[in-house]
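Me: Could you walk me through a few parts of this model? I'll ask as I go.

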Amino acid sequence: MSRFYITTPIYYINAEPHLGHAYSTMVADAVARAHRLLGDDVFFLTGTDEHGQKVERAAQKAGMPPNRFADVVAAKFRDLLPSLHASNDDFIRTTEPRHHASVQALWRRVRDRGHIYKGEYAGWYCTVDEVFVPETQLVDRRCPICGNAVERIAEESYFFRLSAFQQPLLDHYRRHPDFVTPTVRRNEMMTFLEAGLDDLSISRTSFTWGIPVPDDPAHVMYVWFDALTNYMTAAGFGSDDAASQQRFARYWPADVHLIGKEIVRQHAIYWPAFLLAADLPLPRQIVSHGWWLMDGAKMSKSKGNVARPRDYIERFGLDALRYFVFREMVFGQDANFADEAILTRYNADLANDFGNLVSRATTMIHRACGGRVPAPVASLLGRPDEQRLQEKVARLIAQVRDAVTVFQLSSALRDIWEVIADTNRYIVVREPWKLAKAADRQDELATSLYVAADTLRVIAELLRPFMPATAERTLTMLGVTAEAASWATLAPGTLVAGTHLGDTSPLFPRIEQTVEELRLMSNENSNPPTVPDAVPASPPAPPPAVAAAPAAAATGTITIDDFMKVELRIARVLAAERVPKSKKLLKLQVDTGADQRTIVAGIAEAYEPEALVGRTIVVVANLQPAKLMGVESNGMVLAGSIDGGPPVLVGFDRDMPPGARVR
Ligand SMILES: [Zn+2]
């Protein structure tokens, strides 16, 4: 059994997890699962990167000591993993004692071999990316990577003799052409190497939130020296006990460091240089993926265009999200993340092509064959249509196996969906619903339904790494309850005739709502609008001078005029009921003083409808109507909530009549 060690980047905890993080994890997960199906001994690692000045500052801002802050944010990354079905074998935090020991051990090895010296560093430093930016690369005194202002730093610092590793690295790149993939990244790194390398400052005295330098605790390690070492720590490096040392011997070097394209240089140049300096084996491959764009721009917290994985899991289900991101991003390139595209793929690929095929085939076997996989007739299996489909299935197994192991998830899914389309066509050609009615054609019926079920069984086994839950459900419907079949022995024609099918249930019920409706539903659900803290008691101040308006927009504030555009009014609830099939929505009939109208509110998990009747609430009275789960809503109910918690309706400390304006 060969072993396969794959890592995700460890996620920096200065921001909360978004789709970009989830994507890296899901890709590594799919590849890890595929290797397990191929019989490899897989070690799949993910975790969090928790040191550095940025975290120290973020903690300060949050009013917490950095270790407490790190605990809180790291937990958010760890807690996301089960909801992504991540099958990681370990979760590492760089604040763990095992990691301190490992990084210090690496430092000593590098130092004792003469590759670390003390000097003074003066340069421009970007605290956002945690990198020094050479003067020549500054853009308007700003960081060329993130665009933020850089800081001048001059301090005593330890240096790593990176310059000494230019030639050894170039040699390594030439001997191992697939060390960095895709090729475009490899070429960038070769160019960078050929230009020559400066020594690298690897310690700081300007902050304390880091791992102390051995024998000189006034210095903490530069965050990349610390962070990159996590990949060895989790494999057992730096530990004295025999079991860890054995584990390190088994799993190091890693087979794949999967990363985003913005951190290739650290992984493909600094990291192998540190390892060369320490006489340790280099990882086999650095694989980088592109960025998810929203409206053409990289998703990032500072731009505010961040997709939260939980929203999409809630709207479409996890497997639909996994399918979409694997299918849509051609590996190595950037891809657009758009709600419309997910909805289209959901309804077309998942609900229509695949979901309908599974329910059609299994329902027919239930009706026409007593719920047992029928036995095919050999001579009928030899017909061209059957032969062609089975040959395609055999080819598909090899294609998917080859594609997944080189991270071509998109082409693997494209190939699988091609065979799904072939199977749909096969059923249309054979017309089993007609055969079922002809007593003298039962052999043909049995053969066609066997071929359909057998093909679906192979497809489900191939879908396991991509959509684990969907694969399981499909196989259960087909009556296959055994352990995952090995991809090494998977073949068409091996479904056992006579197998009792499980119950048929829809895999991907069609979504009838529009993207706008879905968005409104989840906005109402997870982000109930909050009312301004202070409500001015006096009439509004006169509008500020005209010239102030653009400045106000630039700082993210709004003018009093902007605020007054929102017509907040007191209303009374006349009637309330649940919206059918929705856990979160209530349909309210309200009296706004001026009219009676229907408003749909996402408060059903916090309020019983009966308890609301007669209650005074605050509504946005001039909101454009919107349809939610088929009900037209004419306004919005104000409620507050703590961090996505249950909504609490806004109220008054004395009785107020409907119609009064709130401001
Ligand atoms: Zn920057």
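Me: How are α15 and α16 oriented to each other, roughly parallel or roughly antiparallel?

Reply: Bear in mind that this is a predicted model. Helix α15 (residues 384-405) and helix α16 (residues 409-430) pack at an angle of about 165 degrees, and since angles over 145 count as roughly antiparallel, α15 and α16 are therefore roughly antiparallel to each other.

Me: And how far apart are the axes of α15 and α16? Which hand is the crossing?

Reply: The axes of α15 and α16 are 9 Å apart, and α15 passes α16 in a left-handed crossing.

Me: Which residues meet between α15 and α16?

Reply: On the α15 side the residues in contact include L389, V393, L396 and V400, as well as the charged D385, E386 and K392. On the α16 side they include L409, I416, V419 and Y426, together with D415, E418 and R430.

Me: Changing topic, where does R597 sit, and is R597 buried or exposed?

Reply: R597 belongs to strand β19, and R597 counts as buried because its relative accessibility is 16%, where the cut-off for buried is under 20%.

Me: What does the side chain of R597 reach, and which residues does R597 touch?

Reply: The R597 side chain comes to 2.8 Å from the backbone oxygen of N634. Leaving aside residues up to four places away in sequence, R597 touches N634 and A621, and also L588, Q589, V590 and T592.

Me: How is β18 joined to β19?

Reply: Strand β18 (residues 586-591) runs antiparallel to β19, and 6 bridges join them; in this pairing D591 stands opposite Q596 of β19. The two strands form a hairpin with 4 residues between them, and G593 in the turn has a positive phi of about 90 degrees.

Me: What about the sheet with β14, in what order do its strands come?

Reply: That open sheet has 3 strands in the order β15-β14-β16, with mixed pairing. β15 (297-298) and β16 (335-336) are the edge strands, each with a single partner, so one side of each has no neighbour in the sheet.

Me: How many bridges join β14 to β15?

Reply: Strand β14 (residues 292-294) and β15 are joined by 2 bridges and run antiparallel, with M294 standing opposite A297 in β15.

Notes:
Residues numbered from 1 in each chain as written. Predicted model: local features only at pLDDT ≥ 70, side-chain atom pairs only at ≥ 80, totals over all residues. Heavy atoms only, no water. Pairing = 2+ DSSP bridges. Buried < 20%, exposed > 50% of the residue type's maximum accessible area, 1.4 Å probe, protein only. Polar contact = N/O pair within 3.5 Å; in protein donor to acceptor, adjacent residues only side chain to side chain. Contact = heavy atoms within 4.5 Å. Axes fitted to C-alpha atoms, helices over the stretch in contact; angles between N-to-C directions. Parallel < 35°, antiparallel > 145°, perpendicular 65-115°, else oblique. Left-handed = near helix turned anticlockwise from the far one by under 90°.
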